[in-house]
Amino acid sequence: MVPGRSSVKMMKQYVASKKGGPFQLATAPYPTPGPDEVCIRSRAVGLNPLDWKNLYYGEMVKTWPEVFGIDAAGVIEVVGANVTALKAGDAVVSLAGHGGRAGAFQDVATVPAHFASKKPSAWTFEQAASVPICYLTAAAAVTKGLGVPLPYLVEAQKAAQKAAQKASGNLDEEVRDPLSPNIGIDNSSSICSVLVVGGSSGVGSSAVQLLRIALPSATILTTNSPKHNAHVTGLGATTCIDRSNPKLVEAVKAASPDGKGVDAIIDAVAGAAEKPDLFDVLRKDGPRLYSQVFTGDKIAVPEGVVGTPVFGRMTFQTPGGMNAMSKLVDLVEEGSFKLPLQVEVVGKGLDGIGPGLEKLKAGVSGTKYVVSL
C-alpha cells in the first residue's frame, strides 16, 4: 500500500445534493451486504418520473444529499450469508431502493435479494433495466388493487408451504390453501371486464399482460394514444380506446361485453384526476373496483366505488409475492411477459442520468428511457 493512501475500496455515486439539484459525482465506501442482501454492479439504470419528482419536490426524500434510482440491471458482485438463489457473477434485473445504499444511481446498489431476478437471456441490460418497477406496480394493481391472484405466485406460495412442511417433518399436515381468506382474497369470479387507463404506459402495458395471465377470458379495454394500439393489443388487450375521445365514457361502455360498462378499473396514470367522470364506466351491478396506481395526484373516489391505492413494493406482501421477481424470468422465457415499452438509451455513464431525467420530465409516450453504465 502506498503510504498515506487509504486501503478502503471506494465507488462512485450520482448524488442529488439538495432539493432542486444539482446532481454531483461523489465517492463512497464499497458496501457490505447484510445477510439477506446482494450487491449489484449496475450495467444500466431505468429513469422514472419518481426520480425527477424526488429531485424537484423531494417527493420521498427524508434527507439530503440522496441517491435516487429504482430500476437497475447488472451483475452481482457480493451476496449475503443467507442468499442461496443468487451468486456472484449472475446477471440480474432488480428493483432498487428509494435512496442510500439501495439507490440505483451509483456504481453498486445493495438491495434485498428478493428484489432481484436473473436477467432473461433474451434481454439486454438496457432492456432489463426498463422493467422492474413497471412490472411490480402492475402486479400490485392486479393483486392488491383488484384482489385477483396471479396464478404463478399462488403456485410459488404452495411450493414454499410444501417445502416448509417437508422441512418441519409434518408430512401428513394439510397444506393451507393460499387463497383462503386469512392469506388472501380472490375476486376473479366477479371480474369479467377491466379498463386499464394508460394502457401504453409502462405500468399499463404490464398490467394488460398480467391480467391476461390471471383472467384469460376477461375483456381487457385500455385507453391510450391510437399510435400504440398495435403494441397494446399485441400484449393482450381486447380493445384500445383513444384517450382523447371526448365521449370516452360512452366509448368504453360501448366496447364492454354488454354495453353496461366494466367491472373494474386499473388507473395507471391518474386519469381520474383529470377526468372524474371516468368512474361512470363502472357497471352499476358489478363489484365497482378501482385500483389506483400511486402517482401523488389526489383523486376523489365516489361513494360505492372500492378504491385501493397501490405501489410496487405491495406486491411483496401478497401470497407468493416474495417470489415475484424470481418468477419474472420464467414468464419472459415462456412468452407470457414481453417488454412493456420500447427502450431508448439516453445517456452513457452516471453523469448521463441528469440530462436524461430532464428529457423525461419534458414528456415521453410509449418509451422507457435508460442510461447505460
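Buried means under 20% relative accessible area, exposed means over 50%, and partly exposed is in between, with a 1.4 Å probe and protein chains only. This is a predicted model: local features need pLDDT of at least 70, side-chain atom pairs count only at pLDDT 80 or more, and totals for chains, interfaces and linings use all residues. Residues are numbered from 1 along each chain as its sequence is written, and side-chain values use heavy atoms, with hydrogens and water left out.

Q: Why does Arg-41 count as partly exposed?
A: Its relative accessibility is 29%, so Arg-41 counts as partly exposed. Glu-77 also has a relative accessible area of 29% and is partly exposed.

Q: What makes Arg-41 and Glu-77 a salt bridge?
A: A salt bridge needs a side-chain nitrogen of Lys or Arg within 4 Å of a carboxyl oxygen of Asp or Glu. The closest N and O atoms of Arg-41 and Glu-77 are 2.6 Å apart, and the pair forms a salt bridge. Arg-41 lies in strand β3 and Glu-77 in strand β5, so the pair ties together parts 36 residues apart in sequence. Strands (E, at least two residues) and helices (H or I, at least four) are DSSP runs, numbered from the N terminus.

Q: Why is Lys-368 called buried?
A: At 5% relative accessibility, Lys-368 counts as buried. Its salt-bridge partner is Asp-71, with the closest N and O atoms 2.9 Å apart. Lys-368 is in β16 and Asp-71 in β5, so this pair ties together parts 297 residues apart in sequence. Asp-71 is buried too, at 0%.

Q: Is Asp-258 buried or partly exposed?
A: Asp-258 is at 41% relative accessibility, so it counts as partly exposed. It forms a salt bridge with Arg-283, the closest N and O atoms being 3.0 Å apart. Arg-283, at 12%, counts as buried. Salt bridges that share partners join Asp-258, Arg-283 and Asp-285 into one network.

Q: Why are α1 and α10 called roughly perpendicular?
A: Angles run from 0 to 180 degrees between N-to-C directions, along axes fitted to C-alpha atoms, for helices over the stretch in contact. Those under 35 degrees count as roughly parallel, over 145 as roughly antiparallel, 65 to 115 as roughly perpendicular and the rest as oblique. The axes of α1 and α10 cross at roughly 100° and come within 9 Å. The two helices are therefore roughly perpendicular.
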